[in-house]
Amino acid sequence: MGMGIFFGVLTAVFQTASYFFSRTYLQKSGGAVTLLAASQLVIAFLSLLAAPWVVPPEVLDIKYLPAVLITGWGFLVGHFFFFQALKVIESSRIASLLGLKVVLVPIFLSLIFKEYFSGAQWCALVLAMGAAMLINYRGGTLFSWKGMGYFICALPMYAWSDIGIQMLVRQLPLENNL
C-alpha cells in the first residue's frame, strides 16, 4: 500500500508539472499537434522499455485488443483537445476541471453497460462536479469559451479511455488483477 501511495503522489507531481510545461510550450509555439505527437512518442518509447518487465506474456492476446484500442483512442483524441484547451486556459485551472471526468464515467457505464449506481453515489458525483466548478470560479468568470469548448470535447474522450482501462482490467486473469 505504501508503494501505491508513493507512486500516486509521484504521478500527481509529474502530471502537474507536465501541465505547466505543456502550456508553456503551447504558448510559445502554438503547436498542439506537434506536442501531441511528441508526447505519444515518449509514452510509446517508455512503454516499450518497460514492457518486458511489466507485461506478462499471457496478456498479449487478441481478445484484449478492443479494450486497448478504446483506451488508446480515447486518450489520444482526449489529449488533442486537452492541448487545444491548454492554449487558452491556465494549467492550474484545467487540472482541477479534469475531475469532472469522474462524472462522465458512471454516466457512460450506466447508459452503455447498464451498471447500477446508488443514489448516494450519484449525489457524490453531483458534489464533485460542483466542487470542480467552484474551484475554478474567480471574480465572475470561469475561463474562455473557446477553451471550454475544447475541454468539453476532451472530457468524454478521457472518460471513454477510463472505461477501456476498466474493460481491460476486468478481462485480465484474476492473478493479474490488482
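How many helices and strands are there in the chain? And once that is settled, which residues does Ser161 contact beyond its neighbours within four places in sequence?

Modeller: Happy to! The chain has seven helices and zero strands, where helices (H or I, at least four residues) and strands (E, at least two) are DSSP runs numbered from the N terminus. Read from that end, the elements go α-α-α-α-α-α-α.

A word on the ground rules. This is a predicted model, in which local features need pLDDT of at least 70 and side-chain atom pairs count only at pLDDT 80 or more, while totals for chains, interfaces and linings use all residues. Residues are numbered from 1 along each chain as its sequence is written, and side-chain values use heavy atoms, with hydrogens and water left out.

The predictor's confidence in each residue, pLDDT, runs from 0 to 100. Its mean over the chain is 82, with 92% of residues at 70 or more. Helix H3 (residues 65-86) has the highest mean confidence, 90, and helix H4 (residues 91-97) the lowest, 76.

Now to your residue. Ser161 sits in helix H7 and is counted as buried because its relative accessibility is 4%; buried means under 20% relative accessible area, exposed over 50% and partly exposed in between (1.4 Å probe, protein chains only). Beyond its neighbours within four places in sequence, Ser161 contacts Ile70, Thr71, Gly74 and Phe75, a contact being heavy atoms within 4.5 Å. For the chain as a whole, buried residues are 29% of 178. Of the contacts between residues at least 6 apart in sequence, 84% join residues at least 24 apart.

Setting aside neighbours within four places, Phe151 is in contact with Ala85, Ile94, Leu97, Leu98 and Leu100.

Lys101 belongs to helix H5 (residues 101-112) and is partly exposed, because its relative accessibility is 22%. Not counting residues up to four places away, Lys101 touches Leu155, Tyr158, Ala159 and Asp162. From Lys101 to Tyr150, 49 residues apart along the chain, the C-alpha separation is 14 Å.

Lys114 lies in the loop between H5 and helix H6 (119-135), and counts as exposed because its relative accessibility is 66%. Lys114 is not a glycine, yet has a positive phi of about 55°. Most residues other than glycine have a negative phi.
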